[in-house]
Amino acid sequence: MSIAASSISPRHDLSTFVPNSQLTPTSFPSLHSLLQSVKSEVATWRNLPLSAISQYTTSIQIARYLPPAPGTVNEGYFRHCDSGNCGSEQSSSLGEKNGRKFTAIVYLTTCTTGGELRVFYPSPSSPGTEQCYDVAVQAGKMVAFESDKLEHEVRPVGEERVAITVWFYPPPPLSPPSPSPTPSISSTSLPTIFVTIPCYADKELAPTIASLLSNLVRVPPSHIFFGVCLQLDTTTTTPSDYLHSLPPSLPPSNVRLITLDLQHATGPCYARSLARSLWRGEDYHLGIDCHMRFRYGWDELCLDLVEKLESSTSKNVILTTYPAGYKLDDDNNDDNVEARQQQGTTLYPTSFDQSGMLRQSARTIPFSNITNSIPTPLFAAGFNFSRSDALNLPGGDLPNFTHFVFFGEEIFSALRLYTSGWDFHAPKLMVCWHLWEREGREGGGDWRGRSEIPAPRRKAIEKKNVDRIANILKGVEGGELLGKQRTIEEFEEFVGVNFKTMKVNQEKWGRGGGGDGEAARKVMALLGLNF
């Protein structure tokens, strides 16, 4: 693992998460050993047996601040609360709790020019006020605290600073035994679904969640869990402005939240990655955007389709496509669902752009000769449904690959999934609808407008990430991030493209005919192509 190769994050450091599935004695022996030592120290601190603390799940982040240019410092990281909400107006992480209970930080370097961990606590001598204390950074030192009680920040640092952070999530409480068996189906036999949503200050977030929940028929709301990365102006708004009026049937703890100020946003790809980091082992995963509406019975449609396809093909199946659109009137009321396109859409490759990224679009699926779904060659980030095993790809999630990237995420994801043995299918019926019009969104939906990073540097980071993705597509580097079940060449043959020559076989999936559906028109317009 090399965090020197990661991109600069909006935290002003280089960071990477280590997936639990890969943290084994053979893959990362030193890190695995360190985690066992940290668990032992936390158990001693909390006066708990080691067996009790071992019931907690953990997530691990490695963060490195690079040596700054002479005469300058890295800006550190703003005041925040690791749990998502400590209740202080000064914290930049106000929002629903994300479940973190304990934080343990192990320093790998010693800093003498800043970089202290500044912690804030109520003044014991002056009620209503607070004090702060700076913890010096020393190699080998471990600092532990309660994630939901201690707000803290990283002070500006004038030299290299490397630390490993371990977050502890408590096990779910044991449910009391039922006093008597019931003839109805037990809720434990029902699947759980984890829904990831990136949101850039979009007031459609709450209506999207409400539509998803109100159209369930097979799974109760208590079995739906949301991972939301909410990017908002923390000086004028709070998460409650975007997560208001949620149905009472949804337990508040089922919404896991990561918040970022708009100036720290680096695009929907990074936000999606942060949202996926909130997965806690649910059975299925649904990836969507924050402006969607759902068909009645969408859960039964998706679950039945995946189960039947996997049973008949013995393949891992992902349902994915670009949805058709819904509309809002001048009072933000939804259009009539019967007026929306009901036929599903399927993806196909269009052309390569100058950076070597394959562009894709969608066309309507004809109802004739189609039973329930159709194979589709590509992957859409804005709608994908599968067993949550699809979240466990070689190399884990890669948020630092996606800073300031827009085009490139989907084809990179498609390659990693395909080589890991996943097949893509597009449902015959529209599962959900997407709001393609951008009027009314913050900055017209342009997440670059409020970034704290100057445009030239943003473009340099984007180019670095896009170039790396292009090299992986060509097989030049990054083979460890791909699956071993199928090759890049097999993927090229299946899609009808050549990544090295940047050619598309237009006859493989047709030249763009096959329907004049709204989704095709909207996606083509979004990509700046003629339909």
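**Exercise 1.** In this predicted model, determine which elements cover the buried residues of helix α3, and decide whether α3 is largely enclosed or left open.

*Solution.* Step 1: The cover over the buried residues of α3 includes strands β10 (193-200), β11 (224-232), β13 (284-288) and β14 (292-294), together with helix α5.
Step 1: A residue is counted as buried when its relative accessible area is under 20%. By this criterion L205, A206, T208, I209, S211, L212 and L213 of α3 are buried.
Step 2: Helix α3 spans residues 205-214, and seven of its 10 residues are buried, so the rest of the structure largely encloses this helix.

**Exercise 2.** Identify the residues of the largest nonpolar core that touch the most other members, and state which helix gives the largest share of this core.

*Solution.* Step 1: The core has 42 residues; L205, L212, F226, L286, W298 and F385 touch the most other members.
Step 1: Helix α5 (residues 298-313) supplies the largest share, namely six residues.
Step 2: Another core, of 37 residues, lies apart from this one and includes L347, L378, F379 and L398.
Step 3: Take F226 as an example. Leaving out residues up to four places away in sequence, F226 touches F194, V195, I197, I209, L212, L213, L250, N254, V255 and R256.

**Exercise 3.** Give the strand order of the five-stranded open sheet, and explain why one side of each edge strand has no neighbour in the sheet.

*Solution.* Step 1: The order is β1-β2-β9-β4-β7, and the pairing is antiparallel.
Step 1: The edges are β1 (14-18) and β7 (142-146); each has a single partner strand, so one side of each is without a neighbour in the sheet.
Step 2: From one strand to the next, the twist averages 20°.
Step 3: Within the sheet, β4 (residues 102-107) and β9 (residues 161-169) run antiparallel and are joined by six bridges. V106 has I164 in β9 as its bridge partner.
Step 4: Helix α1 (residues 29-45) packs on this sheet, where it touches β1, β2 (57-65), β4, β7 and β9. The directions of α1 and β9 make an angle of about 60°.

Definitions and conventions:
Residues are numbered from 1 along each chain as its sequence is written. This is a predicted model: local features need pLDDT of at least 70, side-chain atom pairs count only at pLDDT 80 or more; totals for chains, interfaces and linings use all residues. Side-chain values use heavy atoms; hydrogens and water are left out. A nonpolar core is a set of buried Ala, Val, Leu, Ile, Met, Phe, Trp, Tyr and Cys residues joined through side-chain atoms within 4.5 Å. Buried means under 20% relative accessible area, exposed over 50%, partly exposed in between (1.4 Å probe, protein chains only). Helices (H or I, at least four residues) and strands (E, at least two) are DSSP runs, numbered from the N terminus. Contact means heavy atoms within 4.5 Å. Two strands pair if DSSP finds at least two bridges between them. Axes are lines fitted to C-alpha atoms, for helices over the stretch in contact, and angles run from 0 to 180 degrees between N-to-C directions.
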